[in-house]
Amino acid sequence: MNIVVLVKQVPDSGSERSLDPADNTVARGSADNVVNEIDEYAIEEALTLKEAHGGEVTVLTVGPDSAADAIRKALSMGADKAVHVVDDAIHGACAPQTSAILAAALGQLEYDIVISGAESTDGQLSVMPALLAERLGIPQLSGARKLTVEGGVARVERQTDGGYWALEAPLPAIVSTWDTINEPRYPSFKGIMAAKKKPVTKLTLADLGIDPATVGLATATSQVLDFAGRPPKGEGVKVPDEGDGAAKLVDYLASQKIV
Amino acid sequence: MAEVLVLVELDPTGSGVRKTTLEALTAARALGEPSAVVVGAPGSAAAAHDALAEYGAAKVYVAESEEIDSYLVAPKAEVLAQLVASVSPAAVVIPSSAEGKEVAGRLAVKTGSGFLTDVTEIAPDGTATQVAFAGATIVHSKVTVGTPIYTVRGNSVTPEPAPAAAAEEPVAVTLSDAAKLTRVVDRVVEQKSSRPELTEASIVVSGGRGVASAENFAIIEALADSLGAAVGASRAAVDSGYYPHTFQVGQTGKTVSPQLYIAVGISGAIQHRAGMQTSKTIVAINKDPEAPIFELADFGVVGDLNTVVPQATEQITARR
């Protein structure tokens, strides 16, 4: 089974992040760049599928040169090879443009199943699998907390508020995973060493047959006009509980007309 | 007046529409005259009619078919794309659920348009407000290509009635094969609860690591019930097995923006703040006076949650 995992490098969500005032894009130098956390669950799911069905796991990412670190992490977990689409013209691309690039790259790969994380911690759009399904004409099985593949059919439990939807579709299909689906493995020392020798193919927009003028900040389908830090909250009230903490709390709620 | 399409999120129990629909209708009015779009099983529009009329739908496009609910996301995007082509709306506004965002994305590809997700406000000139990076940054954005598509984040717009005709217009539904690739075989509800939906609730009471056990979450639930609130949990509490993942509030869980958020035994790591920072009023109960959650709190009690929470529950119940 040929499995492609989509991986995105993002600024670490555990640190202070910002936009770049120069062009209102995500400032990639403001925080450590890491593999989008939920993508690790997608990688784990891909490796589990490979262990059960055989085949190969290919990592696919679109991003600047620094995204090579994200690829390395995925390879050290056990993926077999990687494709890195890197081109200066991509800077500032919107989601529809990025989906066109990923779709073109997937068009050059053989896959039975594509797996991604359900959401990135920077953009938080949660739409890439839907965009790719639309562009590639393949089924979308997004938001999975469970995935099984059998006889050319993928079945997913799509996590919902208070339960799940049981989804079913023929392969090839695209699946996205939440962090409820598995427990990602840590790269072993052996895995880290082996990753250094695994093939990484770099592709430009030209390699994908995409006109650079159709991609990037200047032609993005939406634009950030301006941004600002959230105005700091006014100093709140903090009271120690000296037996009357609950009463003061309830008085406060009453003053806000909540109780 | 310009026509704005608003995708209706039906009430899953079949009693009409979700509050998110009323919020989307209200937000859409900044851009023009809302036309509601009902995509669902036969009878959906009839059940939704009164709410749609009360909240400003001049028209209701009715796309009903037995098979629509059997397939994921794609049929709704297809119906909307058909309407975008035939009525050339000024914009499309969709509630920002997981499904709503995916419908928006597929519609954007179909119509060659830009889209903005999780907007908290739409200005008459089409500029949308979004919050980024755990709620720490406020962004203004605009769609620059095609028919602008917005998804409106739950609880960010207050629904305001504006009676309108809600004149129904049937839409013929002929789903393409491409819209029928992913079958929804079953919809399973695991946690039947009388409490409001976490993302829709006007009050949320969340417990964290400090609650210390699954059993002790009963005091969180009791406080929530005294306020008619939803129950949430921090990642630390979920990872410790105190409460189910469905209720996780935070970067990798749900984003809530209620009128009142009460954080109990939650330190307030960025992971958690990402999911609740935009709440209108924030109350914190924590025994550590240095806990970062107090930086966000409008009102904080430094004390033992095991005494403060039950006492507060009792006093709130007594006032009711």
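How many bridges join β13(B) to strand β14 (residues 281-286) of chain B, and in which sense do the two run? In this predicted model, local features need pLDDT of at least 70 and side-chain atom pairs count only at pLDDT 80 or more, while totals for chains, interfaces and linings use all residues. Residues are numbered from 1 along each chain as its sequence is written, and chains are lettered from A and ligands numbered from 1 in the order in which they are written.

The two strands β13(B) and β14(B) run parallel and are joined by 5 bridges, where strands are said to pair if DSSP finds at least two bridges between them. Helices (H or I, at least four residues) and strands (E, at least two) are DSSP runs, numbered from the N terminus. Strand β11 (residues 203-207) of chain B also runs parallel to β13(B), to which 5 bridges join it. Residue I262(B) stands opposite V205(B), and its bridge partner in β14(B) is V283(B). Together with helix α7 (residues 270-276) of chain B, β13(B) and β14(B) make a right-handed β-α-β unit; right-handed here describes a path from the first strand over the helix to the second that runs clockwise when the strands point away from the viewer.

Strand β13 of chain B, residues 260-264, is mostly covered, with 5 of its 5 residues buried (a residue is buried if 20 or more other C-beta atoms, placed from the backbone, lie within 10 Å of its own, exposed if 12 or fewer, and partly exposed in between). From this strand, L260(B), I262(B) and V264(B) point one way, whereas Y261(B) and A263(B) point the other way, and all are buried.

Chain B is divided into domain 1 (3-180) and domain 2 (203-319), with bounds that come from an automatic or database domain assignment. The C-alpha centres of these domains of chain B lie 32 Å apart. In chain B, 7 residues of domain 1 are in contact with 8 residues of domain 2, contact being counted if the C-beta atoms of two residues, placed from the backbone, lie within 7 Å.

Between the chains, the contact takes 63 residues from chain A and 68 residues from chain B. On the side of chain A that touches chain B, β12(A) gives the most, with 8 residues. Strand β13(A) pairs in the parallel sense with strand β15 (residues 299-302) of chain B over 4 bridges, and P240(A) stands opposite V302(B) in β15(B).
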